[in-house]
Amino acid sequence: MTKSDPVVEAYLARLRAHVERMSPAEQQAAVDEIRRHIADAMAAGEPSDVVLASLGPPEDLGRAYDMATVFDVRDPPGPSKTAERVFALLAIVALGGLPTFLITIISLSIGTAFLTTGLVMLVAGVAESVGPPIALQMPRESPLVALGVGVALSSTGTAAFVGLAAYYWLIARTVRRFVLFHGQPS
Amino acid sequence: VVELSDRITQLRRGVLELCLLHVLKRKASYGYEIVTMLEPLGPLAAGANTVYPLLRRLKAEGLLATFTRASPAGPPRQYYRITPEGRRHLAAFEDEWVALASVVDRLSRQGVAA
């Protein structure tokens, strides 16, 4: 239809370039709609320059669309190009892969070892303070030492698990923010 | 005084939303038809460059919905229709408009009497 009119096409290209906050699909829908409007107006006998003048500069129209987008609740603004998401995901994997591997292994080892030992010491300490000495506790100290060491070790182990969970939460949030919902999750 | 035109623009924008919902309450319509329906309503000063972004916003807010329908010539047209939420919004907006207008009217009458 209006495809043949280079002035109209130039207008639409400028409009497309100035609608920045909408998702690509919505951007396309807006440009198509304005294209259709121009065609309808020309079919009704209006010359193309009059139609384009009534639409105003494409920059202003684009800005008006963007302003309308500010009020959107369902369609958060931002680019959502698939390539950008793939690159963001690759960057996260590349930068976070090795640290994640190390942090996971170290935290799990420390967490498991310390928590288990700590709990055993705690049980031993409690048992010794009420009953006869247990062979488990190598130096023959008071049961209070076993209790103290038990608390310290199990706290360290728990801290390692909590730290690991916090790290995973951070990673999940980063992925969600920069990869999944970077643009419109349509 | 400098800001007067800005304020009138703000006021018009709200009223245009009301008028747009009114027009679409009667029947579903497409962009060019909507624009030509609103154009003769002088005080609204609603050009295509105001109407299209507003249509999009009302759609994003769920007050309007769209569907496509084939047209005799050219690609299919995007039609807008009012949603049940849009009807509720329109009714509430209209009540408010009538109430506000009557207040303004009453105050200006008192001004004349005094």
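1. Contact here means heavy atoms within 4.5 Å of each other. By that rule, among contacts in chain B between residues at least 6 apart in sequence, 51% join residues at least 24 apart.

2. The model is predicted, so local features need pLDDT of at least 70 and side-chain atom pairs count only at pLDDT 80 or more, while totals for chains, interfaces and linings use all residues. Residues are numbered from 1 along each chain as its sequence is written, chains are lettered from A and ligands numbered from 1 in the order in which they are written, and side-chain values use heavy atoms, with hydrogens and water left out.

3. Chain B contains four helices and three strands, where helices (H or I, at least four residues) and strands (E, at least two) are DSSP runs numbered from the N terminus. Their order from the N terminus is α-β-α-α-β-β-α. Of the 114 residues of chain B, 35% count as buried, that is, under 20% relative accessible area with a 1.4 Å probe and protein chains only.

4. The largest nonpolar core has 40 residues, of which Ile34(A) and Leu55(B) touch the most other members. Such a core is a set of buried Ala, Val, Leu, Ile, Met, Phe, Trp, Tyr and Cys residues joined through side-chain atoms within 4.5 Å. Elements that each supply at least two residues to this core include helix 2 (24–43) of chain A and strand 3 (77–82) of chain B. Leaving aside residues up to four places away in sequence, Ile34(A) touches Tyr11(A), Leu12(A), Leu15(A), Leu55(A), Leu61(A), Tyr65(A) and, from chain B, Tyr52(B).

5. Chain A and chain B bury about 1,800 Å² between them, 55% of it on carbon and sulfur atoms; this is the accessible area (1.4 Å probe) that the two parts lose on being put together, summed over both. Chain A gives 23 residues to the contact and chain B gives 21 residues.

6. Two salt bridges are found across this interface, each defined as a side-chain nitrogen of Lys or Arg within 4 Å of a carboxyl oxygen of Asp or Glu. Asp40(A) forms a salt bridge with Arg77(B), with the closest N and O atoms 2.8 Å apart. On the side of chain A that touches chain B, helix 2, helix 3 and helix 4 of chain A give two or more residues, and helix 2 of chain A has the largest share, seven residues.

7. Leu164(A) lies in helix 6 (residues 143–180) of chain A and is buried, with a relative accessible area of 6%. Its contacts, not counting residues up to four places away in sequence, are Ile103(A), Thr104(A), Ser107(A) and Leu108(A).

Methods: Buried < 20%, exposed > 50% of the residue type's maximum accessible area, 1.4 Å probe, protein only.
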